[in-house]
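Here's a walk through a two-chain model, stop by stop. Have the structure open and follow along.

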Amino acid sequence: MNPDTFELFRYFIIFIILIFIAGVYCVLISFNLIRVLIGLEILIKAVTLLIILAGYICDRVALAQAIVLTLIVIEIVIMVVAGGVVLWAFKYNKTIDPRRLSNLRG
Amino acid sequence: MALDLILLSALLLSVTWTVMTVRLVRSVVGLALTSAILAVIMYRLNSPLAAVFELSVCSGLISVIFITTVSFTQRISKERLIIRRKERLLRFLYLPFIIIIAGLLLVRYLKIPQFGLPEPSQVADARVVLWNMRHLDLLGQAIIIIAGVFGVVVFFKEPNK
């Protein structure tokens, strides 16, 4: 790997770690289920960028794109179902604050 | 390389704004902006197909899903918004400092060892990879989509009276 590509790779890794930190912070600190989902989305964005970067560095862009397409499909399904869970929670509890979801079993 | 760094900085700023802003709708707009910037970065990393998917699906469809979800929940009053703004400011005040400190530490101390790269792949088309080499992924995608549809139907089904 030439030094320029290696330096670029290093900067990408640093930014990916920082985005991941922001996502984890959002998931842990938020008291709103929709904001937790947004944090999860940010984590997925960081992983997506990491996969594309790995494909670019290893010259396997086609494989990386195929994996990212699968990831995006899974991401969409997760978000749709999670949105349904949030609306269901709001319907029965009138809140989307996870601290107040007191009628869960278990 | 300078343009890549500018784009990465814009991505990080967009993510920080998404996490820190008070209104959920603004947060969703920030997420869409993040996806759009990520799509540009993907395009620059020779992944145009993934970039198009990211732009159309993640920036478009997921924003629609989030805005629909937000619009079905309760609107916050102005008084409550002021109280919540203060609460959020206290809770999320640390995030920019954490990011700056972590960034400085990583720039200073992150050492990635040199590693060997595999032989370049002969297949350059993502469609060929997806249809010929990773067709099991397509089966998995179909199953996950069906499971998602089934889940949504169950959640929004009206109870029998």
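## Charged pairs in chain B

Start at Asp137(B), which is buried, with a relative accessible area of 18%. Keep in mind that this is a predicted model. The side chain of Asp137(B) forms a salt bridge with that of Arg134(B), at 2.8 Å from N to O. Arg134(B) has a relative accessible area of 29%, so it falls in the partly exposed class.

Next up is the pair Arg127(B) and Asp125(B), whose side chains meet in a salt bridge of 3.1 Å, N to O. Here the arginine is exposed: Arg127(B) has a relative accessible area of 53%. Asp125(B) counts as partly exposed, at 29% relative accessibility.

Which parts of chain B does the salt bridge between Arg44(B) and Asp4(B) tie together? First, the pair itself: the two side chains meet at 2.8 Å, N to O. Arg44(B) belongs to helix α2 of chain B and Asp4(B) to helix α1 (residues 2-20), so the bridge ties together parts that are 40 residues apart in sequence.

Asp4(B) is buried because its relative accessible area is 8%, under the 20% cut-off. Arg44(B), at 34% relative accessibility, counts as partly exposed.

How many salt bridges does the structure hold over all chains? The count is 7. As a rule, side chains of opposite charge can pair when their charged atoms come close.

Now go to Gln141(B), in helix α7 of chain B, which covers residues 135-155. Is Gln141(B) buried or exposed? At 10% relative accessibility, it counts as buried. Its side chain makes a polar contact of 3.0 Å with the side chain of Thr70(A). Leaving out neighbours within four places in sequence, Gln141(B) is in contact with Leu69(A), Val73(A) and, again, Thr70(A).

Leu117(B) is another residue that reaches chain A. You'll find it in the loop between α5 and α6 (126-133) of chain B. With residues up to four places away in sequence not counted, Leu117(B) touches Met1(A), Ile57(A) and Cys58(A). At 35% relative accessibility, Leu117(B) counts as partly exposed.

## Domains and a greasy patch

Chain B is divided into domain 1 (1-107) and domain 2 (125-161). The C-alpha centres of these two domains lie 27 Å apart.

Chain B also carries a nonpolar surface patch of about 850 Å². Its members are Leu89(B), Leu93(B), Tyr94(B), Phe97(B), Ile98(B), Ile101(B), Leu105(B) and Tyr109(B). Which helix gives the largest share of the patch? That's helix α5 (residues 94-109) of chain B, with 6 residues. Ile101(B) is one of the patch residues, and its place is in helix α5.

## Two loops with positive phi

Two residues have a backbone angle worth a look. Asp59(A) has a positive phi of about 60 degrees although it is not a glycine. Asp59(A) sits in the loop between α2 (33-57) and α3 (61-93) of chain A. At 43% relative accessibility, Asp59(A) counts as partly exposed.

Over in chain B, Asn46(B) has a positive phi of about 60 degrees, and it isn't a glycine either. The loop here runs between α2 (24-44) and α3 (48-72) of chain B. Asn46(B) is partly exposed, with a relative accessible area of 45%.

## After the last stop in chain A

Finish at Leu101(A), in the segment after α3 of chain A. Leu101(A) is buried, with a relative accessible area of 16%. Neighbours within four places in sequence aside, its contacts are Leu33(A), Ala89(A), Asn93(A) and Thr95(A). Leu101(A) and Ile34(A) are 67 residues apart in sequence, with 14 Å between their C-alpha atoms.

How values were computed:
Residues are numbered from 1 along each chain as its sequence is written. Chains are lettered from A and ligands numbered from 1 in the order in which they are written. This is a predicted model: local features need pLDDT of at least 70, side-chain atom pairs count only at pLDDT 80 or more; totals for chains, interfaces and linings use all residues. Side-chain values use heavy atoms; hydrogens and water are left out. Helices (H or I, at least four residues) and strands (E, at least two) are DSSP runs, numbered from the N terminus. Buried means under 20% relative accessible area, exposed over 50%, partly exposed in between (1.4 Å probe, protein chains only). A polar contact is a pair of N or O atoms within 3.5 Å; within protein, one must be able to donate a hydrogen and the other to accept it, and residues adjacent in sequence count only if both atoms are side-chain atoms. Contact means heavy atoms within 4.5 Å. Domain bounds come from an automatic or database domain assignment. Patches are made of residues with over 30% relative accessible area and no salt bridge: like charges are joined within 9 Å, nonpolar side chains (Val, Leu, Ile, Met, Phe, Trp, Tyr) within 5 Å. Accessible areas come from the Shrake-Rupley method with a 1.4 Å probe; for residues, only the protein chains shown count as cover. A salt bridge is a side-chain nitrogen of Lys or Arg within 4 Å of a carboxyl oxygen of Asp or Glu.
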